[in-house]
Amino acid sequence: MTATDQDRPGTTGRSFPVSGPWAAAMDALPRALFLPDLMWAHDMFTGASEPVDRRADPDAWGEAAAADIPLVTQWDDGRNSDAQAGTVPTSSASMPSIVAGMLEDLDASPGMRVLEIGTGTGWNAGLLAHRLGDNAVTTIEVDPAVAEAAREHLAAAGLHPTVITGDGSAGHPAGAPYDRIIATCGMRHIPHAWIEQLQPGGVILAPWGTHFENGDALVRLTAAQDGTLAGPFLRPVEFMKMRSQRLTPPQHPVDFPGDASVSTTAARPPFGPWKAFPFVAGLRLAGLTHVTDRRGDERVVWLYGLADKSWAAVVFQDEVERSTVWQSGPRRLWDEMEAAHDWWQAAGRPGIDRFGLTVDRDGQHPWLNSPDNRVEP
Ligand SMILES: C[S@@+](CC[C@H](N)C(=O)[O-])C[C@H]1O[C@@H](n2cnc3c(N)ncnc32)[C@H](O)[C@@H]1O
C-alpha cells in the first residue's frame, strides 16, 4: 500500500476496494483487530500456507492483515499449535472481498436480527454489530478456544454481539426469529433448525455444495410463508466445512479391490476448482467424490463411491486424444460421469449462477433455471 492510499479516506487499513454500505464498517473495523499474532497467509491457487508472526515480523504481519487473502488461524481443530502448517485448516479470517460481497448479498439493514454460523475471528460478527447494533447480532462458534478469542477481540473493539459456543447446526432458538442467517462455513445440508428460526421473507446465505468436491457455491435462499426456502446460487466460493458435515477422504488404494476393468474415453470434463462442471457433477451423481492429481504431463482423476467400494481412475495426457479408464465395484463411476457431462453439454454448459436450490419438508432440491426444473441425481 502506498502513502497516498493510506491517506485517502475510505481505504485506510485495507488494500482492496469495497463500495456500498459495508465500506464504512470495514474502514472503522480493520481485520487486523481480530487476528492472532501467529497466522498463515493462504494461497488459494497453490494451496500453500506461509506462517506470519507479528512478534517476529510486524510489517509482514500488517501487510498480510490488510491484503485480500484468507488467513488461516487454526489447524486440525487446534491440535497443531506450532508454526508449521497442520494438515487441515479449521478456522480462518476469510478473504475480505468475499466477506464484503457476502455482507452485500445478505442485504441486512438496521432493524433486522442476524444469526451468523462460524464466528471464527469475530470480524464478520463485528462488522454486523457495528452497523446493526450489538443486540441485533448472534454468532455461533463450535470451537471453544476460537469463540473465546473472538469474544476478547470483539470486546477490545467495543462490540458485544451475543457469541455462543456450540454447534451452529442447532441455531440459537433464544434469539429467534431471525431476518437473516449467514453461514461462514461450508455445508452439504441446510440444517432444519435454521428454517424454523427464520422469519417468513427472511434470507439464508450459505456456502453449499456436495461431497463430490471441496468447493461450495454461495446460495441465497428466501423463506416463503409456508416455510419453503428457495433461491439462486450466486457464485463459487470455498469454505471450511461445518464440523458435523465434513467428508473423511477415501484412502486409496488400501480400501479398494484391484479388479478393475480397463477401457478408453474421448471425454474431457473440465474438473478443477471454481469451475461449473464439478458442481454440476455433484448435483447429478449422488454419493460420489473425486480427487485430481498431476504427475508431470499426466492428470489423474479418481472417482470414489461413498457408500460402496466403487472407484474409477482416468489418466489424461495433454497430447493424447483417448484416455485410459479403470473402473471397479458395483457402480461404473466413469460411465456415470460421462452421462453427467453429456447432460451438461446438452444443456449448453450452464454456469453455477443458472442453478438454484429449494429446501422443503422433503429435502433439498437443486434446479436449473427455475424451481420446477429439478436436477435429479
Ligand atoms: C471460515 S471460518 C469463519 C470466519 C469468520 N466468520 C470470521 O469473520 O473470521 C469458519 C468457522 O466455522 C466454525 N465452524 C465449523 N463448524 C461449525 C459449527 N457446526 N458450528 C459453528 N461453527 C462452526 C469453524 O470452527 C471456523 O471457526
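This is a predicted model: local features need pLDDT of at least 70, side-chain atom pairs count only at pLDDT 80 or more; totals for chains, interfaces and linings use all residues.

Q: Which peptide bond is cis here?

A: Look at omega. The bond from Ala 176 to Pro 177 is cis, and its omega is near 5°.

Q: Let me step back to the whole chain. How many helices and strands are there in the protein chain?

A: Count the elements before you look at details. The protein chain has nine helices and 18 strands.

Q: What does the radius of gyration say about the protein chain?

A: Set the value beside the one for a compact globule. For 377 residues that would be near 21 Å, and the protein chain has 22 Å, so the two agree.

Q: What share of the residues counts as buried?

A: Buried means under 20% relative accessible area. By that cut-off, 47% of the 377 residues are buried. The outside can be read too. The accessible surface of the protein chain comes to about 16900 Å², and carbon and sulfur atoms hold 51% of that.

Q: What share of the contacts joins residues 24 or more positions apart?

A: Take the contacts with a separation of 6 or more. Of these, 57% are between residues 24 or more positions apart.

Q: Now the ligand. How many residues surround the ligand, and which are the closest?

A: Read the shell first. It has 26 residues, and Ser 91, Thr 121, Glu 141, Asp 167 and Gly 168 are the closest. Then sort the shell by class: eight residues are nonpolar, 13 are polar and five are charged.

Q: Which polar atoms lie 2.6 Å or 3.0 Å from the ligand?

A: Thr 121 has a polar side-chain atom 2.6 Å from an oxygen atom of the ligand. Asn 124 uses its backbone: an N or O atom there lies 3.0 Å from a ligand oxygen atom. In the side chain of Thr 184, an N or O atom is 3.0 Å from a nitrogen atom of the ligand.

Q: How much of the ligand does the protein bury?

A: Begin with the ligand taken alone, which exposes 600 Å². The protein buries 98% of that.

Q: Which elements give two or more residues to the shell around the ligand?

A: They are β4 (89-93), β5 (114-117), α5 (123-132) and β6 (137-141). The largest share, four residues, comes from β4.

Q: Where is Asp 143, and is it buried or exposed?

A: Asp 143 sits in the loop between β6 and α6 (144-156). It is buried, with a relative accessible area of 6%. Its side chain reaches the backbone nitrogen of Val 146 at 3.2 Å. Leaving aside neighbours within four places in sequence, Asp 143 is in contact with Gln 74, Asp 77 and Arg 243.

Q: Which residues other than glycine have a positive phi?

A: Asp 77, with phi near 55°, is one of them. Asp 77 is in the loop between β3 (71-75) and β4. At 22% relative accessibility, Asp 77 counts as partly exposed. Trp 274 is another, with phi near 60°. Trp 274 is in the loop between β12 (261-265) and α8 (276-284), and at 29% it also counts as partly exposed.

Q: Last, a helix. Which residues of α4 are buried?

A: An α-helix has 3.6 residues a turn, so residues three or four places apart point the same way. In α4 (residues 96-106), the buried ones are Pro 96, Val 99, Ala 100, Met 102, Leu 103, Asp 105 and Leu 106. After α4 comes Asp 107, with a positive phi near 55°.

How values were computed. Residues are numbered from 1 along each chain as its sequence is written. Side-chain values use heavy atoms; hydrogens and water are left out. A residue is near a molecule or strand if one of its heavy atoms lies within 4 Å of it. A polar contact is a pair of N or O atoms within 3.5 Å; within protein, one must be able to donate a hydrogen and the other to accept it, and residues adjacent in sequence count only if both atoms are side-chain atoms. Accessible areas come from the Shrake-Rupley method with a 1.4 Å probe; for residues, only the protein chains shown count as cover. Ala, Val, Leu, Ile, Met, Phe, Trp, Tyr, Cys and Pro count as nonpolar, Asp, Glu, Lys and Arg as charged, and the others, Gly among them, as polar. The radius of gyration is taken over C-alpha atoms; the globule rule is 2.2 Å times the number of residues to the power 0.38. Buried means under 20% relative accessible area, exposed over 50%, partly exposed in between (1.4 Å probe, protein chains only). Contact means heavy atoms within 4.5 Å.
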